[in-house]
Amino acid sequence: MRVRFLGTGTSHGVPVIGCPCPVCTSGSPRNQRTRSSILIESGERRVVVDTAPEFRLQALAAGLTALDAILFTHAHADHIFGLDDVRIFNWRTKLPMPIYGTAETLATVRQRFIYAFEVGQEGGGKPKLNLLPIDGPFEVAGLHVTPLEVRHGELAVTAFRVREREAGPEFAYATDCNAIAPATLAALHGLDLLILDALGKNRHPTHFSLDQAIAVAQELAPRRTLFTHISHSLDHELTNAGLPPGMALAYDGQVVDV
Ligand SMILES: [Zn+2]
Ligand SMILES: [Zn+2]
Ligand SMILES: [Zn+2]
């Protein structure tokens, strides 16, 4: 099983439009962050978690030619607004795209993409979406997926613990969170890879800061931790040089074998 970081940036992306700070103007490819999303590859199967506004560009950069399903963590704009670009996969397969998320998340997705569910002129085509509410572990595209609730301020966000169908190494993707209840923490032990929200240097009402994310990672003790949903307050190289062993900021295009 392979995880590819399609994007690792917070909602503004990095560089931030018009920002003169050292990170935004560094020119380093590691400081170029599109909005957060991952691609999970298992054999010939492909699943993405979230469809960022740059989904089309991310898919091109990753050489994505087919997609089996989409998992949504929550329905904030930076996690869903690339969804229209699944049209090309609908057109190739002649099938609707399976979309997994909580009932609450999917209700908001339906509202935001209402044109996809209304009768009307097709023009260049509308995304064809098969909304599949989840309320417990499920299997998709050869993967066994356990949804887990984390807190993103007042909003419940879905983290995903994932392994291939047969028992094997597991990873978890927990973006957009600033608190994790004890029951969820207990379900996040024994990971090969933890991918965790770490927005930046300062405390924030809806995201873990880097120091808070490090503390969570130290408690859970996965074999490896990669931080995502990163703002322009963190320079890639400078930050990574100061992190504990086994932890690093992820970067766009990074590929990790689990
Ligand atoms: Zn976000
Ligand atoms: Zn900046
Ligand atoms: Zn969010």
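Two strands pair if DSSP finds at least two bridges between them. The model on screen is a predicted one.

**Stop 1: the whole chain**

Show the protein chain as a cartoon. Its secondary structure comes to seven helices and 14 strands. Along the principal axes, the C-alpha trace spans about 55 × 45 × 35 Å. A compact globule of 258 residues would have a radius of gyration near 18 Å, and the chain has 18 Å, so the two agree. Buried residues account for 44% of the 258 residues. Of the contacts between residues at least 6 apart in sequence, 63% join residues at least 24 apart.

**Stop 2: the sheet that holds strand 1**

Select strand 1, residues 2-7. This strand belongs to an open sheet of seven strands in the order 6-5-4-3-2-1-14, with mixed pairing. At the edges are strand 6 (129-133) and strand 14 (255-257), each of which pairs on one side only. On average, neighbouring strands in this sheet are turned by 25 degrees against each other, direction ignored.

Strands 1 and 14 pair in the antiparallel sense over three bridges. To find one place where they meet, pick R4; its bridge partner in strand 14 is V255.

Next select helix 1, residues 55-62. Helix 1 lies across strand 1 and strand 2 (37-42), and it runs at about 135 degrees to strand 1.

**Stop 3**

Move on to another open sheet of seven strands, whose order is 7-8-9-10-11-12-13 and whose pairing is mixed. Its edge strands are strand 7 (138-140) and strand 13 (247-249), each pairing on one side only. From one strand to the next, the twist averages 25 degrees.

Select strand 9 (residues 155-164) and strand 10 (residues 171-174). These two run antiparallel and are joined by three bridges. V162 has F171 in strand 10 as its bridge partner.

Strands 10 and 11 run parallel, with four bridges between them. Here A174 stands opposite L196 in strand 11.

Strand 11 pairs with strand 12 in the parallel sense over five bridges. Pick L194 and look across to T225, its bridge partner in strand 12. Between these two strands the chain passes through helix 6, and this β-α-β crossover is right-handed.

Select helix 6, residues 210-220. Helix 6 packs on the sheet, where it touches strand 11 (193-197), strand 12 (224-228) and strand 13. The direction of helix 6 makes about 155 degrees with that of strand 11.

**Stop 4: inside strand 11**

Which residues of strand 11 are buried on each side? L193, I195 and D197 are buried on one side, and L194 and L196 on the other, so both faces are covered. Five of the five residues of strand 11 are buried, so the strand is largely enclosed by the rest of the structure.

Centre the view on I195. Beyond its neighbours within four places in sequence, I195 is in contact with F171, A172, Y173, A174, L226, T228 and A250.

**Stop 5: the nonpolar core**

Finish with the largest nonpolar core, which has 65 residues. Select L71, A172, Y173, I195, L196 and F227, the residues with the most contacts inside this core.

Conventions. Residues are numbered from 1 along each chain as its sequence is written. Chains are lettered from A and ligands numbered from 1 in the order in which they are written. This is a predicted model: local features need pLDDT of at least 70, side-chain atom pairs count only at pLDDT 80 or more; totals for chains, interfaces and linings use all residues. A nonpolar core is a set of buried Ala, Val, Leu, Ile, Met, Phe, Trp, Tyr and Cys residues joined through C-beta atoms within 7 Å. A residue is buried if 20 or more other C-beta atoms lie within 10 Å of its own, exposed if 12 or fewer, and partly exposed in between; C-beta atoms are placed from the backbone. Two residues are in contact if their C-beta atoms, placed from the backbone, lie within 7 Å. Axes are lines fitted to C-alpha atoms, for helices over the stretch in contact, and angles run from 0 to 180 degrees between N-to-C directions. The radius of gyration is taken over C-alpha atoms; the globule rule is 2.2 Å times the number of residues to the power 0.38. A crossover is right-handed if, with the strands pointing away from the viewer, the path from the first strand over the helix to the second runs clockwise.
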